Amino acid sequence: MEEKLIQKIQRSDRPFLVAGPCSAESAEQMEMVARDIALNTHAQVLRAGIWKPRTRPDSFEGVGQIGLPWLVEAAKNNGLLSTTEVANAKHVELILKAGVDIAWIGARTTVNPFAVQEIADALKGSGIPVMVKNPINPDLNLWIGAFERLEKAGLTDLAGIHRGFSVYNNPRYRNQPNWEIPIALKEERPDLPIICDPSHISGKRENLLPIAQKAMDLNFEGLIIETHPNPEKAWSDARQQVTPTALREMLSQLTLRRELI
Ligand code: PEP
Ligand code: MN
């Protein structure tokens, strides 16, 4: 990518939008969702989990490397960039080989400096943009530390993803937003764009809009929203995913205060 992801985000007159399923399930699912996302929204990036870090075993843990070409091809065929989660050096090697455009580090990985360091070392020299989710626990320094590890490895095309923080039994949120933490990140690192992940904060598709609106009101640079052709039948995170047309409808209800650059 000639232009930095960061520059692209900051130059854009619309929020940077990442859409796509929680998990890649088949080549057909990826192609269908990519086509409908491209038709219905201004999304620039297609997401899909290939390796899923499930909190408990015996749930779907991702299709694995077989899904990488599904993601990459579906994105290319529909004029989108591709992104997936990496959690170790092997994942990094495989996504670089497959031509994934952007890597992301998940919330369960950002908590672990050894894992982040391993990923940073494996990414060294690739120049690939990396989005870093906040750690599952509300620790700003762990989040900042992950950016610093990547920067020390020469990766400078970085963005944060605010996906909320683990709480025990909060019926309102799957992951509590603790907005003060991404706000503090913006204060400490104004150079880093932040996009919001209302899907993992809310846990329920009907509650996405107010969270997305709050992020826009706080001048976050974008959104990442789980989008599936048939959300009720999704193999992971079925309660929080929306169809591409529902995403379009939700985006149309957002009031954007971001000034054009
Ligand atoms: C995801 O994006 O599907 C995911 C597993 O996210 P998180 O790391 O935020 O839980
Ligand atoms: Mn998910």
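**Reading burial, pairing and surroundings**

Tutor: Let us begin with one side chain: Lys214 is partly exposed, with 15 other C-beta atoms within 10 Å, and please keep in mind throughout that this is a predicted model.

Student: What is phi at Asp237, and is Asp237 buried or exposed?

Tutor: The phi of Asp237 is near 50°, which is again a positive value in a residue other than glycine, and Asp237 is placed in the loop between S10 and helix H11 (244–252). With 20 C-beta neighbours inside 10 Å, however, Asp237 counts as buried.

Student: Which residues is Arg174 in contact with, leaving aside its neighbours within four places in sequence?

Tutor: Those contacts are His200, Ile201, Ser202 and Gly203. Arg174 is found in the loop between strand S7 (165–166) and strand S8 (175–176), and it is buried, with 20 other C-beta atoms within 10 Å. Its C-alpha is 9.8 Å from that of Arg163, eleven residues away in sequence.

Student: Which residues surround ligand 1?

Tutor: Ligand 1 is surrounded by Cys22, Gly49, Pro53, Gly106, Ala107, Arg108, Lys133, Arg163 and His200. Sorted by class, this shell has three nonpolar, three polar and three charged residues.

Student: Turning to strands, what kind of bonding holds the strands of a sheet together?

Tutor: In general, strands of a sheet pair through backbone hydrogen bonds, and the pairing may be parallel or antiparallel. In this structure eight strands form a closed barrel that runs S1-S2-S3-S4-S5-S6-S9-S10, with parallel pairing, and neighbouring strands of this sheet are turned by 25° against each other on average, direction ignored.

Student: How many bridges are there between strand S2 and S3, and how many of the residues of strand S3 are buried?

Tutor: Strand S2 (residues 45–47) and S3 pair in the parallel sense over three bridges, with Val45 standing opposite Leu81 in S3. Five of the five residues of strand S3 (residues 81–85) are buried, so the strand is largely enclosed by the rest of the structure. From S3, Leu81, Thr83 and Glu85 point one way while Ser82 and Thr84 point the other way, and all are buried.

Student: Which residues of S5 point one way, and which point the other way?

Tutor: Val130 and Val132 point one way from S5, whereas Met131 and Lys133 point the other way, and all are buried. Lys133 also belongs to the residues that surround ligand 1. On one side, three bridges join S4 to S5, which run parallel; the partner of Trp104 in S5 is Met131, and that of Ile105 is Val132. S5 also pairs with strand S6 (residues 158–162), in the parallel sense and over four bridges, and the partner of Met131 in S6 is Ala159.

Student: Finally, which residues of helix H6 are buried, and why do they line one face of the helix?

Tutor: In helix H6 (residues 113–123), the buried residues are Val116, Ile119, Ala120, Ala122 and Leu123. Seen down the axis of H6, these buried residues fall within an arc of 165°, so they line one face of the helix. They pack against helix H4 (89–98), strand S4 (102–105), helix H5 (107–110), strand S5 (130–133) and helix H7 (140–152).

Student: What follows H6?

Tutor: H6 is followed by Gly125, whose phi is positive, near 85°; the positive values at Asn219 and Asp237, by contrast, occur in residues other than glycine.

How values were computed. Residues numbered from 1 in each chain as written. Chains lettered and ligands numbered in written order. Predicted model: local features only at pLDDT ≥ 70, side-chain atom pairs only at ≥ 80, totals over all residues. Near = placed C-beta within 6 Å. Nonpolar A, V, L, I, M, F, W, Y, C, P; charged D, E, K, R; others polar. Buried ≥ 20, exposed ≤ 12 C-beta atoms within 10 Å, placed from the backbone. Helix = DSSP H or I, 4+ residues; strand = E, 2+ residues; numbered from the N terminus. Arc of directions from axis to C-beta. Contact = placed C-beta atoms within 7 Å. Pairing = 2+ DSSP bridges. Axes fitted to C-alpha atoms, helices over the stretch in contact; angles between N-to-C directions.
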